[in-house]
Amino acid sequence: MARSGLAGAARVARWADAALGPGRGSATDDGKATLSDATAERAARDLGLTAAQVRADWDTARLAGLVEVHGDSARPGWRLRAWDRDDSAVLRGWVALFDAWSLAHPEPAEHEPAAVAEVVSAMPQALSFLQLSAGPVPVEQLLDLLEQRVTELRTARCEIPYGPQPEPPAEPEPTDAPLAPLLDWALRALASVGALTYGDGQATLTPLGSWAVWVKLEQICVAAQSPAGNIEQAADGMLRGCAQLRPNAARAEYRAWLAARPVGSAVTELLDAARGEDALLRGLAFEALRVVGAPAEPDVRGVLDEPTLRPYALLWLAEHDGADPEDAHEVLTREEATWLWVDTAAAVADHGEAPLLVRHLESAVQPTVPMLLDEVRAVGHPRTVQVLVALAAAHPDPALAKAVRRAAFQVHTGGS
């Protein structure tokens with residue numbers, strides 16, 4: 001189902017790989033991620049589609065991580081490269097689209113932004129209810145649930161000061177807008193990404209949507225089991241196998257893996273794994289290189305000119321030269337630290353749990369969330385939209401989640 005739902009996006013992403021790569025053409029006229037008219041028309045001719053279909057598939061491909069835009073050129077994301085051989089890459093791509101449902105089908109302009117943010121924050125509970133119901137649910141029932149959840153969100157952020165207070169104003173708050181139109185928008189948006197079917201006054205999760213909600217619930221309840229047999233695997237497989245191990249156990253795996261092969265080829269293999277699109281493997285590869293120690297220094301120093309690896313290499317070299325790990329980050333520029341923050345957040349979003357992503361906010365060098373969002377948007381990390389969407393979905397503060405979601409939308413549309 002995921003392959004079928006993303007087939008159009010994958011086709012446009014492959015076309016972009018062939019037609020818009022470095023030196024082969026421009027995705028846009030202005031360096032933004034929106035396709036220029038000429039490029040959309042060209043893709044439509046090549047693929048036998050309309051320009052509108054191309055634009056829709058292009059947006060889906062970007063949200064699903066199948067294509068990444070850098071300036072005026074496009075390149076495939078790691079999920080597209082693994083598309084034909086790795087079902088998990090396909091499913092992760094669809095889950096990224098599922099998490100970005102509110103961007104895939106933006107709300108009509110007449111809806112009040114505060115009310116939209118509340119509905120986006122409340123929909124996970126509605127989706128859980130749909131999953132547990134295992135069948136059609138009347139929209140009226142979902143509306144009751146949505147109204148209860150929105151009331152809970154509003155109550156949770158109310159602060160009641162001590163002492164006598166003036167009478168509240170007679171007129172309702174501006175956020176007291178009817179929720180039925182917003183529920184209709186949310187259900188249509190979720191249907192547009194293939195998470196549910198919606199019609200005849202009821203909604204039903206598709207098997208794919210039910211699976212995605214179940215996986216998210218399972219992540220909360222079930223601890224992952226430690227893998228085995230990592231020593232015989234290639235670097236990326238070994239690193240994936242160590243992802244859920246505790247630090248000491250992982251270091252023992254790294255030592256055993258390194259002992260089984262020449263150090264030169266091992267370092268080369270680890271750096272190749274770090275160059276991939278999976279940010280988790282990038283961080284783990286440099287953890288394994290810390291176990292290698294001095295023999296890895298020339299190779300690590302040799303990747304300082306690679307923007308993707310530079311922040312990791314600078315930290316590795318600082319620690320190798322004797323810096324305290326807690327102070328090593330001082331060798332990074334503000335931009336490098338922000339890029340590293342987004343890259344780490346991408347790893348958490350792909351492989352971690354929502355509370356960990358929320359806690360990751362505290363590690364940002366920026367003193368305020370608005371400053372962080374401004375600098376994250378400016379640094380141009382290819383996973384920025386997915387990171388911000390995941391953070392907005394995970395954060396319990398509706399106001400902050402709304403600001404993060406707005407930033408994600410601005411990055412997605414190339415706006416300001």
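This is a predicted model: local features need pLDDT of at least 70, side-chain atom pairs count only at pLDDT 80 or more; totals for chains, interfaces and linings use all residues.
At 14% relative accessibility, Gln131 counts as buried. The cut-off explains the label, because buried means under 20% relative accessible area. Gln131 sits in helix 8. Which residues does Gln131 touch, not counting those up to four places away in sequence? They are Leu205, Ser210, Val213, Trp214 and Leu217.

Move on to the loop between helix 8 and strand 3 (137–138), where Ala134 has its place. Ala134 is exposed, with a relative accessible area of 69%. Its backbone deserves a look too. Most residues other than glycine have a negative phi. Ala134 is not a glycine, yet its phi is positive, about 55°.

Asp200 is not a glycine either, and it has a positive phi of about 55°. Look for Asp200 in the loop between strand 4 (196–199) and strand 5 (202–205). Is Asp200 buried or exposed? Asp200 is exposed, with a relative accessible area of 82%.

Now find Ala191 in helix 10 (residues 180–192). Ala191 is partly exposed, with a relative accessible area of 29%. Leave aside its neighbours within four places in sequence, and Ala191 is in contact with Leu196 and Tyr198. Compare Ala191 with Trp101: they are 90 residues apart in sequence. In space, their C-alpha atoms are 9.0 Å apart.

How many cavities of 30 Å³ or more does a search of the whole structure find? It finds one. About 40 Å³ of space lies in the largest cavity. The lining is made of Ala117, Val120, Ser121, Ala392, Pro398, Ala401, Lys402 and Arg405. Five of these lining residues are nonpolar, one is polar and two are charged. Helix 8 (113–133) and helix 22 (398–413) each supply at least two of the lining residues. Helix 22 gives the most, with four residues. Where does the largest cavity lie? Domain 2 (105–151 + 179–224) and domain 4 (335–414) both give residues to the lining, so the largest cavity lies between them.

Turn to the charged side chains. A search of the whole structure finds 19 salt bridges. One of them joins Glu152 and Arg149, whose closest N and O atoms are 3.1 Å apart. Both residues lie in helix 9 (residues 139–156), and they are three residues apart, about one turn of the helix. An α-helix has 3.6 residues a turn, so residues three or four places apart point the same way. Glu152 is partly exposed, with a relative accessible area of 40%. Arg149 is also partly exposed, at 24%.

Another salt bridge joins Arg310 and Glu336, with the closest N and O atoms 2.7 Å apart. This pair links distant parts of the chain: Arg310 is in helix 17 (residues 310–320) and Glu336 in helix 18 (residues 334–351), 26 residues apart. Arg310 is partly exposed, with a relative accessible area of 29%. Glu336 is buried, at 14%.

Arg383 lies in the loop between helix 20 (369–379) and helix 21 (384–394), while Asp350 lies in helix 18, so the pair ties together parts that are 33 residues apart in sequence. Both Arg383 and Asp350 are buried. Arg79 comes in as well: salt bridges that share partners join Arg79, Asp350 and Arg383 into one network.

Finally, go back to helix 17. Helix 17 is mostly covered, for eight of its 11 residues are buried. They are Pro311, Tyr312, Ala313, Leu314, Leu315, Trp316, Leu317 and Ala318. What covers the buried residues of helix 17? The cover includes helix 15 (279–292), helix 16 (297–301) and helix 18. After helix 17 comes Gly322, whose phi is positive, near 105°.

Notes: Residues are numbered from 1 along each chain as its sequence is written. Side-chain values use heavy atoms; hydrogens and water are left out. On a 1 Å grid over the protein atoms alone, a cavity is a set of points where a 1.4 Å probe fits but cannot get out, and a pocket is an open set with protein on both sides within 12 Å along at least five of seven lines; lining residues have an atom within 4 Å of a point. Grid points are joined across faces, edges and corners, and a volume is the space filled by probe spheres set on the points. Ala, Val, Leu, Ile, Met, Phe, Trp, Tyr, Cys and Pro count as nonpolar, Asp, Glu, Lys and Arg as charged, and the others, Gly among them, as polar. Domain bounds come from an automatic or database domain assignment. A salt bridge is a side-chain nitrogen of Lys or Arg within 4 Å of a carboxyl oxygen of Asp or Glu. Buried means under 20% relative accessible area, exposed over 50%, partly exposed in between (1.4 Å probe, protein chains only). Contact means heavy atoms within 4.5 Å.
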